[in-house]
Amino acid sequence: FFFAFASFVTPMPVISSNATNLNTEHLSSVADDDVEFLEELWECFVEEYESSFESLKGASEGKNKDEAVLYSHNIKSGSANLGAEKLKEISAGMESASKTEDYQTVLDSLDNLQAAYDELATTFTAWLASLQ
């Protein structure tokens, strides 16, 4: 019975978010508008995001649950620390999908994740410039 039922389970829809792209109040409270600190924070975030994104894609293509959960969690926690609300929500959904081994949803959501990251990069850069 379980195996027959399992074959009818449909994957989650592509994960997206309507959340605010960047919570600047959060960042201001964390960094006290210290531009140098914010630049370093951004550089660290970008490095971790890019590495985790590629690793998440590979883990999902290889159907490696532990790694898919780990890398989606890395993106989620880094996003939360930065105040990147949209990225955090999308990666949280991808983490949940990874935990249930719904790799297709993770793979189908990578474009939304990257689009949110690209939008974040533009928003963060403009906000940082406004502080200088």
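Helices, contacts and charges

A: S72 lies in helix α4, which covers residues 65–82; helices here are DSSP runs of H or I with at least four residues, strands are runs of E with at least two, and both are numbered from the N terminus. The model is predicted, so local features need pLDDT of at least 70 and side-chain atom pairs count only at pLDDT 80 or more, while totals for chains, interfaces and linings use all residues. Residues are numbered from 1 along each chain as its sequence is written, and side-chain values use heavy atoms, with hydrogens and water left out.

Q: Is S72 buried or exposed?
A: S72 counts as buried, because its relative accessibility is 1%. Buried means under 20% relative accessible area, exposed means over 50%, and partly exposed is in between, with a 1.4 Å probe and protein chains only.

Q: And how far is S72 from I90?
A: Their C-alpha atoms are separated by 9.3 Å, and the two residues are 18 apart along the chain.

Q: How many helices and strands are there in the protein?
A: The protein has six helices and zero strands. Along the sequence the pattern reads α-α-α-α-α-α.

Q: What percentage of the residues count as buried?
A: Of the 132 residues, 38% count as buried.

Q: Turning to salt bridges, how many are there?
A: The count comes to four salt bridges. The rule asks for a side-chain nitrogen of Lys or Arg within 4 Å of a carboxyl oxygen of Asp or Glu.

Q: Which side chain does K88 meet in a salt bridge?
A: K88 pairs with E85, at 3.1 Å from N to O. Both residues belong to helix α5 (residues 85–99) and sit three residues apart, about one turn of the helix. K88 is partly exposed, since its relative accessible area is 26%.

Q: What about K86, which residue is its partner?
A: K86 forms a salt bridge with E119, again given as 3.1 Å from N to O. K86 lies in helix α5 and E119 in helix α6 (residues 103–131), so this pair ties together parts that are 33 residues apart in sequence.

Q: Is K86 buried or exposed?
A: K86 is buried, given its relative accessible area of 14%.

Q: Which residue does E95 bridge to?
A: E95 forms a salt bridge with K99, and the closest N and O atoms are 3.9 Å apart. The two residues are both in helix α5, four residues apart, about one turn of the helix. E95 is buried, with a relative accessible area of 6%, whereas K99 is partly exposed at 46% relative accessibility. Through salt bridges that share partners, K76, E95 and K99 are joined into one network.

Q: Which residues form the negative surface patch?
A: The patch is formed by D32, D33, D34, E36, E39, E40, E43, E47, E48, E50 and E54. One of them, D33, lies in the loop between α2 (24–31) and α3 (35–61). D33 is partly exposed, because its relative accessible area is 37%.

Q: What rule makes a patch?
A: Its residues have over 30% relative accessible area and no salt bridge; like charges are joined within 9 Å, and nonpolar side chains (Val, Leu, Ile, Met, Phe, Trp, Tyr) within 5 Å. Asp and Glu count as negative, Lys and Arg as positive, and His and the chain ends are not counted.

Q: Now the aromatics: how many pairs are there?
A: There are eight aromatic pairs by the rule used, which takes rings of Phe, Tyr and Trp (its six-membered ring) with centres within 6.5 Å. W42, F45, Y49, F53, Y117, F124 and W127 form one aromatic cluster.

Q: Which loop holds K63?
A: K63 is in the loop between α3 and α4. Its phi is near 55 degrees, a positive value in a residue other than glycine. K63 counts as exposed, because its relative accessibility is 60%.

Q: And where does E101 lie?
A: E101 is in the loop between α5 and α6, with phi near 60 degrees, which is positive in a residue other than glycine. At 46% relative accessibility, E101 counts as partly exposed.

Notes
Phe/Tyr/Trp six-rings, centres within 6.5 Å; stacked < 30°, edge-to-face > 60°. Areas by Shrake-Rupley, 256 points an atom, 1.4 Å probe, with all protein chains shown as cover. Charge placed at Lys NZ, Arg CZ, Asp CG, Glu CD.
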